[in-house]
Amino acid sequence: MTDQLTAATTEQPVPLRRNLRFQALWAGQACATLGMVIGDTAFPLLVLALTGSSTSAGAFGAVQMVTTLLLGVHGGAVADRVDRRRVLITADTARLLALASVPAALAFGAPNLVHLLLVAAVIGATVAYSGPVRMLALRSVVPPEQLPQALAQDEARMSGASLAGPPLAGFLFGLGHAVPFLGAALASLLAVTAAVAVRFPSPHESAAPGKPAGGGALAGFRVLAASPLLRGALAVLLVINLAGTALLLPVMVLLREHGTSSAGIGLALAGEAVGALAGTALVARLHRLAGPGVLLLAIAWSAVAVPLAPLLPGGAPTVFAALFVFGAGVPSMRVMLDLLVFRQVPDALRGRVIAATMTLLTAGMPAGSFVAGLLLDRSSPAAVLVAISALLAAALLAATASRTLRRATWPAEAPAAGEG
């Protein structure tokens, strides 16, 4: 009897590849992500085809992002107080219906701009509510010791969708204006099916009805503000996001001035996605080599060279190579932040902390594009890229001086659900 008990307590968990709940959820969410990326490319193409207005095409993305930002905090609170599976099913179903409305409208003529902007708002809302739950769902069906491996596989989902989605959307759009939206709707249907088929846990609500456990909707921001490590890590990631968004426009302008075709520019900018896809295999190795703060700083410093790559000989291939090197570290960086949140924040607060993190990191991205546009009106693309690299280096010097980041260690197991 004692031998049986010992064997039971030392039994190894099921290998991740045989964890059917994780793999089914992962497959459904991979479909949802691919459908989102297809839509992000196809909707501006459709608006351009219908209106001929670049401003209207840009308005779609702006409405979608603003809606996500406005509802993000509430989405995190909902993830902490409502059945998470029900939230995921509802959000994916709403996105499915919104996407399906576009080919339906095309079948009866053409959707007007108001219709498409309403679709943008619906999709933005579904991201706000499904985003935190989607991150929590996959991680809740694997044992703690397999979490890094599961997160690495999830990074492959993101990188693969980022790489395959835009060219697939362009190909499908060439077959017919309705085709990419039918494909995106089908992807959402598969995501809904996976969410319906697989059960995953939600936190037990012990607070008063209508109030999230642990201090209200803004509790996630307070958790981030109270943790020196999370504050420092998020500051570095915010700077990287700002720089990454700001360099896209001057890189494209400079490459075009050097005679690079549109296809060549697209291939050059795909370097980060290709590198990220390759980098998913490096996550465990990089995490063994360095602590979270040192790893984050090393990857961040590799980004300093990226804005300078277009100024070097080689043109588009050099840009691709620089983005590839930086992209290879992105999965390890994202998994690092994920582990810090999931192993230090109680489950009852994780939805709000994730939503706060997503809101902070996303909010800075439009500022990067806006500032880059202003600088390009007054300076050459080369000067703007040098300025971006210099500002990034200056910000990272301050972060590198932080003992909190340099001495950070990988956290132990996650706190209990009722802790905190």
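Predicted model: local features only at pLDDT ≥ 70, side-chain atom pairs only at ≥ 80, totals over all residues.

Residues are numbered from 1 along each chain as its sequence is written, and side-chain values use heavy atoms, with hydrogens and water left out.

**Cavity**

- Rolling a probe the size of a water molecule over the atoms shows where empty space is left.
- The structure holds 1 cavity of 30 Å³ or more. A cavity is a set of points, on a 1 Å grid over the protein atoms alone, where a 1.4 Å probe fits but cannot get out.
- The largest cavity has a volume of about 50 Å³. Volume here is the space filled by probe spheres set on the grid points, which are joined across faces, edges and corners.
- Its lining consists of G35, M36, G39, D40, F43, F60, Q64, L99 and I123. Lining residues have an atom within 4 Å of a point.
- Helices α2 (20-51) and α3 (54-81) each supply at least two residues of that lining. Helices are DSSP runs (H or I, at least four residues), numbered from the N terminus.
- Helix α2 gives the most to the lining, with 5 residues.
- By class, the lining has 5 nonpolar, 3 polar and 1 charged residues. Ala, Val, Leu, Ile, Met, Phe, Trp, Tyr, Cys and Pro count as nonpolar, Asp, Glu, Lys and Arg as charged, and the others, Gly among them, as polar.

- I123 sits in helix α5.
- I123 counts as buried because its relative accessible area is 3%. The classes are buried (under 20% relative accessible area), exposed (over 50%) and partly exposed (in between), with a 1.4 Å probe and protein chains only.
- The C-alpha atoms of I123 and G291 are separated by 37 Å, and the two residues are 168 residues apart along the chain.

**Salt bridges**

- A search of the whole structure finds 5 salt bridges. The criterion is a side-chain nitrogen of Lys or Arg within 4 Å of a carboxyl oxygen of Asp or Glu.
- D92 pairs with R95, with the closest N and O atoms 2.7 Å apart. Both residues are buried.
- D92 and R95 both lie in helix α4 (residues 84-107), 3 residues apart, about one turn of the helix.
- D92 also forms a salt bridge with R134 (2.6 Å, N to O). This pair links distant parts of the chain: D92 is in helix α4 and R134 in helix α5 (residues 113-140), 42 residues apart.
- D92 has a relative accessible area of 0%. R134 is at 9% relative accessibility, so R134 counts as buried too.
- R84 is buried at 2% relative accessibility, and D80 is buried with a relative accessible area of 2%.

**Surface patch**

- L248, L249, M252 and V253 form a nonpolar patch on the surface, with about 280 Å² of accessible area together.
- Patch residues have over 30% relative accessible area and no salt bridge; nonpolar side chains (Val, Leu, Ile, Met, Phe, Trp, Tyr) are joined within 5 Å, like charges within 9 Å.
- Accessible areas come from the Shrake-Rupley method with a 1.4 Å probe; for residues, only the protein chains shown count as cover.
- V253 lies in helix α9 (residues 228-257). V253 is partly exposed because its relative accessible area is 31%.

How values were computed:
1 Å grid on protein atoms, 1.4 Å probe; cavity = no way out; pocket = protein on both sides within 12 Å on 5 of 7 lines; lining within 4 Å.
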